[in-house]
Amino acid sequence: MAESTLLTDLGTQIIIPVCALVGIAFALLQWYFVAKVKVSSEKSDAKNGFSEPLIEEEDGVSDHAVVRKCAEIQAAISEGSTSFLYTEYKYVGVFMVAFAVVIFVFLGSVEGFSTKPQTCTYDATKLCKPALATAAFSTVAFILGAVTSVISGFLGMKIATYANARTTLEARKGVGKAFIVAFRSGAVMGFLLAANGLLVLYIVINLFKLYYGDDWEGLFEAITGYGLGGSSMALFGRVAGGIYTKAADVGADLVGKVERNIPEDDPRNPAVIADNVGDNVGDIAGMGSDLFGSYAESSCAALVVASISSFGINHEFTAMLYPLLVSSVGIIVCLLTTLFATDFFEVKEVDQIEPALKKQLVISTVLMTVGIALVSWIALPSSFTIFNFGVQKEVKSWQLFLCVAVGLWAGLIIGFVTEYYTSNAYSPVQDVADSCRTGAATNVIFGLALGYKSVIIPIFAIAISIFVSFSFAAMYGIAVAALGMLSTIATGLAIDAYGPISDNAGGIAEMAGMSAVIRERTDALDAAGNTTAAIGKGFAIGSAALVSLALFGAFVSRAAISKVDVLTPKVFIGLLVGAMLPYWFSAMTMKSVGSAALKMVEEVRRQFNTMPGIMLGTQKPDYATCVKISTDASIKEMIAPGALVMLTPLIVGVFFGVETLSGVLAGSLVSGVQIAISASNTGGAWDNAKKYIEAGASEHARTLGPKGSDAHKAAVIGDTVGDPLKDTSGPSLNILIKLMAVESLVFAPFFATHGGLLFKLF
């Protein structure tokens with residue numbers, strides 16, 4: 001008989017949706033505070049999606065012209081972002097429908113589209129629901145995951161484009177006011193995404209349970225489609241958004257800053273609107289979908305393993321939903337943590353911004369450790385068994401608590417190491433800046449070396465958390481360690497979204513012709529945002545490594561592989577090919593940015609050369625053409641990398657079988673994580689080295705500057721090289737390793753039954 005838990009099943013059914021609804025309510029409250037920024041009676045362009053009235057000057061100057069200009073720029077950015085996402089989602093929608101059909105046909109054919117009950121995979125004495133049911137429910141879960149992912153990205157973009165001008169206008173009252181608006185806006189996105197992901201997953205489980213009844217093995221196998229849907233949309237969002245933003249950024253920087261010596265975000269630069277739109281569609285919408293995908297997959301991986309462990313066999317509902325309970329407590333913890341930044345402590349000076357954001361990470365981690373201990377105490381039996389490759393391993397509740405805690409703290413370590421290597425407050429970035437004295441070549445060499453070196457500690461952190469969690473609770477331990485890393489996702493996203501919002505605010509200040517003081521404040525917000533964005537990417541990559549390993553374990557179990565032997569040729573060739581895939585994928589995405597940037601540079605040069613009034617300020621640049629170049633390039637170029645990731649598991653599984661596929665998954669995980677960390681940190685370091693020279697805050701920085709000096713030009717070139725690394729290839733790689741693993745898990749029944757055609761023939 002199963003040991004009962006302190007928390008009843010009814011309690012679980014109440015706590016999870018209540019926590020999700022509290023998260024949504026808190027997000028709406030933050031939205032209300034952002035919207036309260038004083039407005040005038042003039043309405044802005046209705047195309048903005050909100051028809052919001054405009055913000056009024058409050059420091060006695062009442063400069064309506066500046067305010068109106070901010071509104072126009074905000075409307076243009078919002079309109080560009082919305083139209084790009086609509087175009088992207090049209091293409092992605094077609095893919096979603098086509099892939100849903102593939103899932104249904106492949107999984108339905110496992111038992112020849114039979115509607116008769118089948119023998120359970122892990123218990124031959126019982127009958128489970130037919131394979132056709134799993135096919136149908138997996139397809140529904142896939143569509144729900146995809147739609148939730150798309151909505152997460154779209155809402156994030158809408159919030160960011162709503163808040164950017166408000167942050168600019170608040171910056172006139174002081175850096176603290178602007179910080180609060182940007183941070184609250186990030187919190188809206190963070191809490192909406194975390195709460196929606198949790199609520200939809202909870203509802204899906206309860207609805208599917210009505211049909212599956214006691215067949216929890218089939219129920220949670222079908223739920224894996226939710227993770228696949230989330231990640232497949234995230235892949236296209238990240239790649240398309242990354243290509244868009246970096247094509248515009250590289251074009252704007254190379255011609256504007258290096259050739260024409262005009263400041264970043266100068267309204268005379270034809271690519272400036274496209275650049276600001278890119279921040280929202282790449283860094284906000286793409287990242288939102290990405291972290292939602294990680295959350296969905298880590299939950300699915302944990303639920304699949306738990307369904308064939310004592311939780312699932314004995315039908316212990318509360319213990320079964322332990323991953324969702326951890327996420328529920330995470331929302332409450334993040335809510336309390338957010339209050340520290342918005343209500344308990346006030347940012348008054350520029351040098352308080354970065355510490356305030358870093359405190360968010362530390363406070364959420366400490367509080368979450370207590371939260372996990374509480375959940376483990378009330379929601380888990382004191383002793384239970386976890387499925388471990390064919391045998392049941394006995395685990396104590398305190399061991400599972402340690403698994404989640406190890407993941408949580410490993411995330412914090414990765415975050416701080418990333419910050420050390422990408423913030424210009426520390427010597428690594430300052431050394432890169434110093435190398436600019438001798439030109440762009442030495443800057444590139446130093447930056448690459450920094451990126452490779454920055455991989456060391458995060459990999460040790462991931463390795464230790466894998467060893468500890470696997471030793472305690474097998475693959476389930478690794479899945480909940482990933483969930484631990486993502487348990488403070490609302491705070492992580494708030495900090496991450498804060499960056500692009502501040503970046504946009506700075507751009508609007510420059511374009512609206514606001515004073516240098518305002519621009520200095522928005523630059524300070526932006527510099528802190530750059531570092532926090534790098535920390536966010538570190539979290540995403542670290543959690544992706546743990547998630548994909550957990551999914552890999554679930555796949556190996558589901559495909560009935562007793563062991564993955566590297567010495568078998570089938571597995572070894574898979575390892576080699578898998579390790580090559582991240583390079584192939586990176587080559588595609590970087591080439592895409594390069595070719596799109598080439599068109600952008602040519603267009604910006606053409607406008608400067610044929611329209612001399614632009615530089616004199618008497619002629620308005622043609623922003624729309626640059627926006628169109630970025631849109632067309634990103635939509636066209638996202639298809640090939642997306643196809644590479646989505647088709648590889650299908651081709652390998654069908655033609656070479658599950659053993660080779662297990663090699664491909666292991667190879668892509670091992671090489672993908674390293675490239676992703678080094679690419680993100682190299683790009684982040686180059687960006688902040690440039691900002692270090694531009695700010696001229698220290699004696700050392702002033703010897704390298706000012707803007708327009710040779711050292712500054714070398715730094716701009718390094719930053720431009722790093723752009724596709726940190727915002728396109730690097731962040732997309734973590735989706736590659738997760739997506740291939742979750743796709744293999746969803747199709748595992750088909751591969752196990754019909755896969756390996758070539759090896760069967762020869």
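## Stop 1: a loop residue

Select Glu349: with a relative accessible area of 47%, Glu349 is partly exposed (buried means under 20% relative accessible area, exposed over 50%, partly exposed in between, with a 1.4 Å probe and protein chains only). Glu349 lies in the loop between H9 and helix H10 (353–379). Helices here are DSSP runs of H or I with at least four residues, strands are E runs of at least two, and both are numbered from the N terminus. Glu349 and Gly371 are 22 residues apart in sequence, yet C-alpha to C-alpha they are 32 Å apart in space.

A word on the ground rules. This is a predicted model, in which local features need pLDDT of at least 70, side-chain atom pairs count only at pLDDT 80 or more, and totals for chains, interfaces and linings use all residues. Residues are numbered from 1 along each chain as its sequence is written, and side-chain values use heavy atoms, with hydrogens and water left out.

## Stop 2: the cores

Which residues have the most contacts inside the largest nonpolar core? Select Phe179, Tyr322, Ile353, Tyr476 and Phe555. The core they belong to has 236 residues. Helix H4 (residues 175–212) gives the most to this core: 23 residues. A nonpolar core is a set of buried Ala, Val, Leu, Ile, Met, Phe, Trp, Tyr and Cys residues joined through side-chain atoms within 4.5 Å.

A second, separate core has 19 residues. Among them are Ala433, Ile693, Ala714 and Ala715.

Go back to Tyr476. Leave aside its neighbours within four places in sequence, and Tyr476 is in contact with Ala302, Val305, Ala306, Phe311, Ala319, Tyr322, Pro323, Ile386 and Leu400. Contact means heavy atoms within 4.5 Å.

## Stop 3: two helix pairs

Show helix H9 (residues 322–344) with helix H14 (residues 456–486). Their axes come within 10 Å and cross at roughly 20°. Axes are lines fitted to C-alpha atoms, for helices over the stretch in contact, and angles run from 0 to 180 degrees between N-to-C directions. H9 is therefore roughly parallel to H14 (angles under 35 degrees count as roughly parallel, over 145 as roughly antiparallel, 65 to 115 as roughly perpendicular and the rest as oblique). The crossing of H9 past H14 is right-handed. A crossing is right-handed if the near helix is turned clockwise from the far one by less than a right angle, and left-handed if anticlockwise. On the H9 side, select Tyr322, Pro323, Val326 and Ser327; on the H14 side, Tyr476, Val480 and Leu483. These residues make the contact.

Next, show helix H1 (residues 9–35) and helix H3 (residues 131–170). Here the axes come within 10 Å and cross at roughly 35°. Is the crossing of H1 and H3 left-handed or right-handed? It is left-handed. Trp31, Val34 and Ala35 of H1 meet Ile159, Tyr162, Ala163 and Arg166 of H3.

## Stop 4

Select Ser299 in helix H6 (residues 272–307). Ser299 is buried, at a relative accessible area of 0%. Its side chain reaches the backbone oxygen of Tyr295 at 2.9 Å. Beyond four places in sequence, Ser299 is in contact with Leu201 and Leu483.

Move to Thr318 in helix H8 (residues 317–320). Thr318 is buried too, with a relative accessible area of 1%. The side chain of Thr318 reaches the backbone oxygen of Leu7 at 3.4 Å. Its contacts beyond four places in sequence include Thr5, Asp9, Leu325 and Ala379.

## Stop 5: positive phi

Select Phe113, in the loop between helix H2 (64–108) and strand E3 (118–119). Its phi is near 55°, a positive value in a residue other than glycine. Phe113 is partly exposed, at 40% relative accessible area. Asn261 also has a positive phi, of about 55°, and is not a glycine. Look for Asn261 in the loop between helix H5 (216–259) and H6.

## Stop 6: Ile541 and Ile677

Finish with Ile541 in helix H16 (residues 516–558) and Ile677 in helix H20 (residues 639–695). Ile541 counts as buried, at 1% relative accessibility. Ile677 counts as buried at 8%. Ile541 is in contact with Ile677, and also with Val673, Ala676, Ser680 and Asn734. Ile677 touches Ser454, Val455, Pro458 and Ile459 as well as Ile541.

Definitions and conventions:
A polar contact is a pair of N or O atoms within 3.5 Å; within protein, one must be able to donate a hydrogen and the other to accept it, and residues adjacent in sequence count only if both atoms are side-chain atoms.
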